[in-house]
Amino acid sequence: MEHTETKTNITTDLAVERTELALERTHLAWIRTTFSIMTAGVAIDKGMAYIHEKRVAQDIALVKNAHFIGLFLTSFGTVLLLIETYQYVKRNKQLASIKQGKAPLFTPGLILAILVLILGVVLVQLMLSTG
């Protein structure tokens, strides 16, 4: 009977470990995706501003809605990462309770998410101040 119980514990522990690794991979994919969204927002804002300046010099008007599109994408990426990071921390705590342990306070993925969130907030502030 003890052999079966040990095998069950090992199987359960391995399942929890696989789930933790999948959670970390998913979180890193979200960081990559939201960072790409924020980068696209900045690129649209700055690229269209450059084109607008060139066209104004040639007396060809261009609507400047690209700034709002860029600002929206940068803000959207930042908010999306904030929501996903909250979900990541919540699920990490749930997994820790299954293992009857304590969730680590900072993981590499969480530190990276915090840095990208700070970058997103700074970018949004810069875009608002130059808009």
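User: Why is Tyr86 called exposed?

Analyst: Tyr86 has 53% relative accessibility. Exposed means over 50% relative accessible area, buried under 20%, and partly exposed in between (1.4 Å probe, protein chains only). So Tyr86 counts as exposed. This is a predicted model, where local features need pLDDT of at least 70 and side-chain atom pairs need 80 or more, while totals for chains, interfaces and linings use all residues. Residues are numbered from 1 along each chain as its sequence is written, and side-chain values use heavy atoms, without hydrogens or water.

User: Where does Tyr86 lie?

Analyst: Tyr86 is in helix α2, residues 66-98.

User: What makes α2 a helix of the expected span?

Analyst: Helices are DSSP runs (H or I, at least four residues), strands are E runs of at least two, and both are numbered from the N terminus. The expected span is 1.5 Å times one less than the number of residues. α2 has 33 residues and reaches 48 Å from its first C-alpha to its last, close to the 48 Å expected. α3 has 23 residues and reaches 33 Å, close to its expected 33 Å. Just after α2, Gln100 takes a positive phi of about 55°.

User: How many helices and strands does the chain have?

Analyst: The chain has 3 helices and 0 strands. Along the sequence the pattern is α-α-α.

User: What makes Ile31, Met38, Leu81, Ala113, Val116 and Leu117 a nonpolar core?

Analyst: A nonpolar core is a set of buried Ala, Val, Leu, Ile, Met, Phe, Trp, Tyr and Cys residues joined through side-chain atoms within 4.5 Å. These 6 residues form the largest such core. α1 (2-57) and α3 (108-130) each supply at least two of its residues. The largest share, 3 residues, comes from α3. A second, separate core has 5 residues, including Val16, Leu23, Tyr88 and Leu110.

User: Which residues does Leu81 touch, not counting residues up to four places away in sequence?

Analyst: Leu81 touches Ile31, Thr34, Ala113, Val116 and Leu117. Contact means heavy atoms within 4.5 Å.

User: Which residues of α3 are buried?

Analyst: They are Gly109, Leu110, Ala113, Val116, Leu117, Gly120, Val124 and Met127. Across the chain, buried residues make up 26% of the 131 residues.

User: Why is Ile114 called partly exposed?

Analyst: Ile114 has a relative accessible area of 33%, so it falls in the partly exposed range. Ile114 is found in helix α3. Ile114 also belongs to a nonpolar surface patch of about 780 Å², along with Leu105, Phe106, Ile111, Leu115, Ile118, Val122 and Leu126. Patches use residues with over 30% relative accessible area and no salt bridge; like charges are joined within 9 Å, nonpolar side chains (Val, Leu, Ile, Met, Phe, Trp, Tyr) within 5 Å.

User: How do you know that Asp45 and Lys46 meet in a salt bridge?

Analyst: A salt bridge needs a side-chain nitrogen of Lys or Arg within 4 Å of a carboxyl oxygen of Asp or Glu. For Asp45 and Lys46, the N to O distance is 3.7 Å, and their side chains meet in a salt bridge. The count by this rule is 1 salt bridge.

User: Are Asp45 and Lys46 buried or partly exposed?

Analyst: Asp45 is buried, because its relative accessible area is 5%. Lys46 is partly exposed, because its value is 46%.

Methods. Accessible areas come from the Shrake-Rupley method with a 1.4 Å probe; for residues, only the protein chains shown count as cover.
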